[in-house]
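This report goes through one protein model, from its sheet to its cores and its aromatic rings. Please look at the sequence and the structure first.

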Amino acid sequence: MILRALVLFLALAVAPVVAAAPLRILAFGDSLTEGYGLPARDGLVPQLQAWLKARGHDAVVLNGGLSGDTTAGGRVRIGYSLVRHKPDAVIVELGGNDLLLGFTPDMAEDNLDSILEQAGKGGRPLLLVGIALPDADAPQREEWAGIWPRLGTRHGALVLDNLYQPLYDGPGEAYMSLLQSDGLHASAQGVRLIVETLGPKVEELIAETEARR
């Protein structure tokens with residue numbers, strides 16, 4: 001009996017320490033998330049991954065972006081993405097194509113509501129990322145602007161109101177130099193500026209996720 005206990009003690013003493021698995025963060029969105037028009041290393045997800053690594057975070061950012069996707073498309077595919085990637089936390093960035101295609105704010109909000117409900121099941125932490133708003137004089141500007149804080153409160157999600165705000169913070173139309181030739185998608189430098197603002201929000205998401213582990 002004593003010998004068996006000694007053997008068990010020695011086995012436990014030399015057993016390797018298993019490190020906790022890295023946090024898995026699903027970045028779920030459209031072409032802005034996917035990295036449309038950029039070399040792979042310059043896309044949003046790779047740049048965000050590098051930013052987090054440089055800050056000492058043990059996290060893997062999973063690219064769930066799909067060019068051209070709308071909130072309606074995201075509503076359909078979020079379930080599959082959750083099963084495929086098994087994330088610990090989810091970033092949701094959709095709505096830009098809804099705006100370009102003339103979808104109503106109510107339609108986008110209803111779809112995002114479903115996406116967040118599915119993504120947040122089981123208490124999974126969420127970060128909702130808003131889009132660039134219509135021109136200041138557009139009739140629906142206030143309706144679009146209200147979507148993100150309202151859904152954030154409803155689902156207990158962190159919120160970044162406008163992914164492109166760091167580009168617009170420069171003087172005049174300087175933001176145009178931070179876009180690709182299509183005038184819609186951020187250049188590599190534009191993505192770097194975006195990550196500098198998005199990164200701290202993702203750090204909050206990581207802290208919330210680690211607290212729930």
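Two strands count as paired if DSSP finds at least two bridges between them. Helices (H or I, at least four residues) and strands (E, at least two) are DSSP runs, numbered from the N terminus. The model is predicted, and local features need pLDDT of at least 70, side-chain atom pairs count only at pLDDT 80 or more, and totals for chains, interfaces and linings use all residues. Residues are numbered from 1 along each chain as its sequence is written, and side-chain values use heavy atoms, with hydrogens and water left out.

**The sheet**

Five strands form an open sheet in the order E2-E1-E3-E4-E5, and their pairing is parallel. E2 and E5 are the edge strands; each has a single partner, so one side of each lacks a neighbour in the sheet. From one strand to the next, the twist averages 20°. (Axes are lines fitted to C-alpha atoms, for helices over the stretch in contact, and angles run from 0 to 180 degrees between N-to-C directions.)

| Strand pair | Bridges | Direction |
|---|---|---|
| E1 and E2 | seven | parallel |
| E1 and E3 | five | parallel |
| E3 and E4 | four | parallel |

Ala27 stands opposite Asn63 in E2, and Ile25 stands opposite Ala89 in E3. Val92 has Leu128 in E4 as its bridge partner. Is E1 buried or exposed? Six of its seven residues are buried, so E1 is largely enclosed by the rest of the structure. Here buried means under 20% relative accessible area, exposed means over 50%, and partly exposed lies in between (1.4 Å probe, protein chains only).

**Helices**

H10 lies across E1, E2, E3, E4 and E5, and runs at about 175° to E5. Contact means heavy atoms within 4.5 Å. Helix H6 covers residues 105-119. Its 15 residues reach 21 Å from the first C-alpha to the last, close to the 21 Å expected at 1.5 Å a residue. That expected span is 1.5 Å times one less than the number of residues. Among the buried residues of H6 are Pro105, Glu109, Asn111, Leu112 and Ile115.

**Nonpolar cores**

In soluble globular proteins, nonpolar side chains tend to be buried together. A nonpolar core is a set of buried Ala, Val, Leu, Ile, Met, Phe, Trp, Tyr and Cys residues joined through side-chain atoms within 4.5 Å. The largest one has 31 residues, of which Leu48, Ile91, Leu127, Leu198 and Val202 touch the most other members. Elements giving two or more residues to this core include strand E1 (23-29), helix H3 (44-54) and helix H10 (188-212). H10 supplies the largest share, eight residues. Leaving out residues up to four places away in sequence, Leu48 touches Val61, Ile91, Val195, Leu198, Gly199 and Val202. A second, separate core has 22 residues, including Leu128, Trp144, Ala157 and Val159.

**Aromatic rings**

Rings of Phe, Tyr and Trp (its six-membered ring) pair if their centres lie within 6.5 Å; planes under 30 degrees apart count as stacked, over 60 as edge-to-face and the rest as tilted. How many aromatic pairs does this rule give? The count is two. Tyr164 and Tyr168 are edge-to-face, at 6.3 Å centre to centre and 70° between the planes. Tyr164 is buried, with a relative accessible area of 7%, while Tyr168 is partly exposed at 34%. Tyr168 also pairs edge-to-face with Tyr175, at 5.1 Å and 85°. Tyr175 is partly exposed, with a relative accessible area of 24%. Tyr164, Tyr168 and Tyr175 form one aromatic cluster.
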